[in-house]
Amino acid sequence: VDRGARYAIGRIVLFAASPAPFTPDADMTGLRQALAAGKITRFAIANPEHAPYGRAAEQALKRAGLWEAIVPRLVLGENVSQAAQFAASGSTQGGIFALSLAKTPLITAAGTHVVLPDEAHQPLTQRMALLKRAGAPARLFYDYLQQPGARAVFQRYGFAVPDNRS
């Protein structure tokens, strides 16, 4: 039985929509100041009840000591893509979502972001497993995702790659 392989690790960003009420920074000082000044009325994250990127956003906000202050202002996306859409559309003043989404042209044009430190949240590990009855195409794809070429693609699109594949 295949125990699976880690192939990528998701990263999260703090995003501010233009015109920005705060400057995104890794320790969230700008967000903290904007919250205290009443400049943040709506802030997007994925729903932490069922979305891994939402849980990571919650963990990062708690670690920064901002969770209690921001909860009344949260706009919860059903998933990380919807949270990014809320933030980039101007429906909110900012948000926390996946770096892979922040790198898209639409979101890049809508504001600024900073990658939050890995220590701010539990790892967003992407793992795959090959089923017993997998056919040849699945096996080839599984093998490909563990090769240097695929790892380079993941990195280009904002994912970290694990040092080992266990």
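**Surface patch, sheet and salt bridges**

Modeller: F141, Y144, V153 and Y157 form a nonpolar patch on the surface, with about 400 Å² of accessible area together. Patches here take residues with over 30% relative accessible area and no salt bridge, joining like charges within 9 Å and nonpolar side chains (Val, Leu, Ile, Met, Phe, Trp, Tyr) within 5 Å. Areas come from the Shrake-Rupley method with a 1.4 Å probe, and for residues only the protein chains shown count as cover.

Colleague: What kind of model is this?
Modeller: It is a predicted model, in which local features need pLDDT of at least 70, side-chain atom pairs count only at pLDDT 80 or more, and totals for chains, interfaces and linings use all residues. Residues are numbered from 1 along each chain as its sequence is written, and side-chain values use heavy atoms, with hydrogens and water left out.

Colleague: New topic. What is the strand order in the sheet?
Modeller: The open sheet has 5 strands in the order 4-3-5-2-6, with mixed pairing. Strands pair if DSSP finds at least two bridges between them. Strand 4 and strand 6 (111–115) stand at the edges with a single partner strand each, so one side of each has no neighbour in the sheet.

Colleague: Which way do the residues of strand 3 point?
Modeller: From strand 3 (residues 43–46), F43 and I45 point one way and A44 and A46 the other, and all are buried. Strand 3 runs parallel to strand 4 (residues 74–77), joined by 4 bridges, and A44 stands opposite V75.

Colleague: How many salt bridges are there?
Modeller: The count is 2, a salt bridge being a side-chain nitrogen of Lys or Arg within 4 Å of a carboxyl oxygen of Asp or Glu. R11 and D118 form one of them, at 2.7 Å from N to O. That pair links distant parts of the chain, 107 residues apart.

Colleague: Is R11 buried or exposed?
Modeller: R11 is buried, with a relative accessible area of 19%, whereas D118 is partly exposed at 44%.

Colleague: And where do K62 and E58 lie?
Modeller: Both lie in helix 2 (residues 52–63), 4 residues apart, about one turn of the helix.

Conventions:
Buried means under 20% relative accessible area, exposed over 50%, partly exposed in between (1.4 Å probe, protein chains only). Helices (H or I, at least four residues) and strands (E, at least two) are DSSP runs, numbered from the N terminus.
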